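Opening the notebook on this one.

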Amino acid sequence: MGMRQFLHYFWNIACMVVAFFAYSFLQSFYFYPQRIKLRLHLNTWEQAVLTALITVIILFLVFWLYKRQLAETNDWGFNRRPHWDGTRLIIAVIGVLLILLLNFVLSFFIVAGTGKTTSANQQALNQIAMQDNYMFKLMVAIIAPFCEETIFRGMFFNTFFTKNTKANKWLGIIVSGFLFAYLHDRAFSPYILVYWSMGCVLGWVYMSTKDLRYSMLTHMIYNSLGMIL
């Protein structure tokens, strides 16, 4: 491995790590707002301003790191203008339908085989949701999809699957989907298959549209439906 290639991996992996920890830090402001409020001795107005400021800074940082990677190498042609068109919007909607279908089928067999109706990750989220509904919904519906797609799809492909080949496309989709699944189900329960399938579909949307906006949209719609249904 040459020095240039080593620096490429070192920089991109460092960007992923920084983005992931920044995202994890941001989650605490939305999942445990009362704890943050008491710890920092804030009133409601001060907490709202602080949370908004930190959110803007971290979202900007995460996406800036992603775009810095694209500036270094972009063999796939990611994020090129024009960003929006009808065909890619249809792909994003198809992605939502595929996730719903796979979720239903896999969950049916998991429940039939194990009797478990929800994953440990979902149980934890359900408990958080009961504590502060508004902040939780904002994180799950908008902020989490933005950060997770930038890290698990955007930065991941920019780091490990930079060459535009069919093998890289499908291997990258499978591996990025598994990484996404593992970080949602580290106990390797049967529900890891649900998260894996979701990660793979989101990877397919990203690679089919070559624009993170569409996998973010798919992710946002699916998460929002999960809170409604």
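Predicted model: local features only at pLDDT ≥ 70, side-chain atom pairs only at ≥ 80, totals over all residues.

How many residues does helix α7 have, and how far does α7 reach from its first C-alpha to its last? Residues are numbered from 1 along each chain as its sequence is written, and side-chain values use heavy atoms, with hydrogens and water left out.

**Helix α7.** I get 19 residues, 166-184, and a reach of 27 Å, close to the 27 Å expected at 1.5 Å a residue. The expected span is 1.5 Å times one less than the number of residues. Helices here are DSSP runs (H or I, at least four residues), numbered from the N terminus. Then I checked burial, with buried meaning under 20% relative accessible area for a 1.4 Å probe and protein chains only. In α7 the buried residues are N168, K169, G172, I173, S176, G177, F180, A181 and H184. An α-helix has 3.6 residues a turn, so residues three or four places apart point the same way.

**Largest pocket.** I put its volume at about 1300 Å³. My rule for a pocket: on a 1 Å grid over the protein atoms alone, an open set of points with protein on both sides within 12 Å along at least five of seven lines, lined by residues with an atom within 4 Å of a point. Points are joined across faces, edges and corners, and the volume is the space filled by probe spheres set on them. The lining has 44 residues, with N121, Q122, L125, Y195 and N223 nearest the centre. Helix α7 turns up again, among the elements that each supply at least two lining residues, but the largest share, 8 residues, comes from α6. By class I have 25 nonpolar, 16 polar and 3 charged residues (Ala, Val, Leu, Ile, Met, Phe, Trp, Tyr, Cys and Pro are nonpolar, Asp, Glu, Lys and Arg charged, the others, Gly among them, polar).

**Second largest pocket.** Its volume is about 250 Å³. The lining includes R4, H8, E72, T159, K163 and N168. The largest share, 4 residues, comes from α1. The classes are 3 nonpolar, 6 polar and 3 charged.

**Cavity.** I found 1 cavity of 30 Å³ or more, a cavity being a set of points where a 1.4 Å probe fits but cannot get out. About 40 Å³ of space lies in the largest cavity. Residues T73, N74, D75, W76, F78, F157, N158 and T162 line it. Of these, 3 are nonpolar, 4 polar and 1 charged.

Terms used: Buried < 20%, exposed > 50% of the residue type's maximum accessible area, 1.4 Å probe, protein only.
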